[in-house]
Amino acid sequence: MSRVALISGTTGQDGSYLSEFLLDKGYTVHGIKRRSSSFNTERIDRVDVHPRDGEARLFLHYSDLSDPASLSALIRDIRPDEIYNLGAQSHVRVSFDIPAYTADVTGLGALRMLEAARAADVDCRFYQASSSEMFGSAPPPQREQTPFHPRSPYACAKVYAYWTAVNHRESWDMFCANGILFNHESPRRGENFVTRKITRAVARIEAGIQDKLYLGNLDAVRDWGYAPEYVEAMWLALQQDTPDDYVVATGEGHTVREFVEAAFDRVGLDWQRYVEIDPRYFRPAEVDALIGDYTRARRRLGWAPKTLFGDLVRIMVDADRQLLEDERMGRLVRVDR
Ligand code: NAP
Ligand code: GDD
């Protein structure tokens, strides 16, 4: 019998890579998709074999982290061995505009998933997608013992979800693990996160269809890794004898400015001719520097990053150039998105 996983946030960057990873391991994967007025399954369509196909091992279900009844029904019916709670309103800047919604989905959503699993009385392991944003203004390097100092409604919601997972571990003896993941990117990254915004703009500027790239704070330091490698750490966290919490990072910090420079360099352009600062992209409170110490993940999970900054920039710029080329040629867009 294949193992069964339930993923919230299947249609997002990480959910799509995790689905592929688990399918490759022989799992049956159930994913939550939410109702939208436009298609929102683009990242997962490549593996979404139609359920009527006898080979299908990926099943998408309408549900929502704000809807406890549907979550309960899903978990009761599917009886997963592993639950990965990746669903979230995940944009930090946007969380300042919609703080209550962010708290509801990103924070309380984790509680609803955990309580649905508890109520269904299924013997399952639970992964919570925690974030380096929880460290906020705590100086780097940040590790599991570093005190949290969240600097946004998103980060506050993630701190709540983190402690809720720990509390379910301690109160109800559930196998709950937090992955405290530092920023991780890929060609499937949402277009309004800074790395993808930059690589997409570089491709468009090179092609002559965009003039300028407007950005906010270029001095922020982030520890950027490669998303397909980070989903393996999620899975590893649930394969241990005892549950724990793990920082997953590269240990390298770079400024947004360095990312911009490297991305424009890749196509031989001088970034200073194209980039302008737009204060609209500044945040009411900024997280200045995130650099993770992933010693625990390395020692206990045997996990280490392989793709570092230079390669990540190259992969993302090249993918956006290819994507543009495919669109212009009217080719079926099958670039890694
Ligand atoms: P993402 O691309 O923004 O994906 C978020 C997913 O959550 C999408 O599938 C989205 O659905 C879904 N979602 C949003 N609201 C929902 C709701 N009300 N009910 C159910 N699902 C909902 O994020 P990601 O980069 O893959 O990140 C995955 C998780 O890791 C998130 O929890 C994020 O906060 C956390 N995280 C990310 C990073 C990072 O650097 N990427 C680092 C640390 C932690 P739609 O597709 O319909 O929008
Ligand atoms: N989005 C964005 N857009 N960010 C900009 C821009 C811009 O135009 N200009 C500068 N930045 C700066 C932000 O101020 C921030 O310091 C940095 O670039 C990274 O911003 P994002 O790419 O939006 O990511 P984030 O670090 O705020 O949050 C991401 O990583 C977290 C883990 O640390 C998200 O994926 C979160 O969901 C995740 O938890």
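1. Ala103 lies in helix α4. Helices here are DSSP runs of H or I with at least four residues, strands are runs of E with at least two, and both are numbered from the N terminus. Ala103 counts as partly exposed because its relative accessibility is 36%; buried means under 20% relative accessible area, exposed over 50%, and partly exposed in between, with a 1.4 Å probe and protein chains only. Ala103 touches Leu108 and Ala157, not counting residues up to four places away in sequence. Contact means heavy atoms within 4.5 Å. Gln89 is 14 residues from Ala103 in sequence, and the two C-alpha atoms are 8.7 Å apart.

2. A word on the model. This is a predicted model, in which local features need pLDDT of at least 70 and side-chain atom pairs count only at pLDDT 80 or more, while totals for chains, interfaces and linings use all residues. Residues are numbered from 1 along each chain as its sequence is written, chains are lettered from A and ligands numbered from 1 in the order in which they are written, and side-chain values use heavy atoms, with hydrogens and water left out.

3. Next, helix α5. The helix covers residues 153-172, which makes 20 residues. From first C-alpha to last, α5 reaches 28 Å, close to the 28 Å expected at 1.5 Å a residue. The expected span is 1.5 Å times one less than the number of residues. Asp173 follows α5, and its phi is positive, near 60 degrees.

4. Which residues of α5 are buried? They are Tyr154, Ala155, Ala157, Lys158, Val159, Ala161, Tyr162, Thr164, Ala165, Val166, His168 and Arg169. These buried residues pack against two helices, α3 (92-97) and α4 (99-120). They also pack against strands β5 (125-131), β6 (175-181) and β11 (245-248).

5. Ser131 sits in strand β5. Ser131 counts as buried because its relative accessible area is 8%. Its side chain reaches the backbone nitrogen of Glu133 at 2.9 Å. Setting aside residues up to four places away in sequence, Ser131 touches Tyr154, Lys158, Gly179, Ile180 and Leu181.

6. Ile180 belongs to strand β6. Is Ile180 buried or exposed? Ile180 is buried, at a relative accessible area of 0%. Leaving aside neighbours within four places in sequence, its contacts include Ser131, Tyr162, Tyr246, Val247 and Val248. Ala120 is 60 residues from Ile180 in sequence and 27 Å away in space, C-alpha to C-alpha.

7. Asp293 lies in the loop between β13 (275-277) and α9 (295-301). Asp293 is buried, with a relative accessible area of 18%. Its side chain makes a polar contact of 2.9 Å with the side chain of Arg143. Another, of 2.4 Å, joins the side chains of Asp293 and Thr295. A polar contact is a pair of N or O atoms within 3.5 Å; within protein, one must be able to donate a hydrogen and the other to accept it, and residues adjacent in sequence count only if both atoms are side-chain atoms. Beyond four places in sequence, Asp293 is in contact with Pro141, Gln142, Arg143, Glu144 and Val247.
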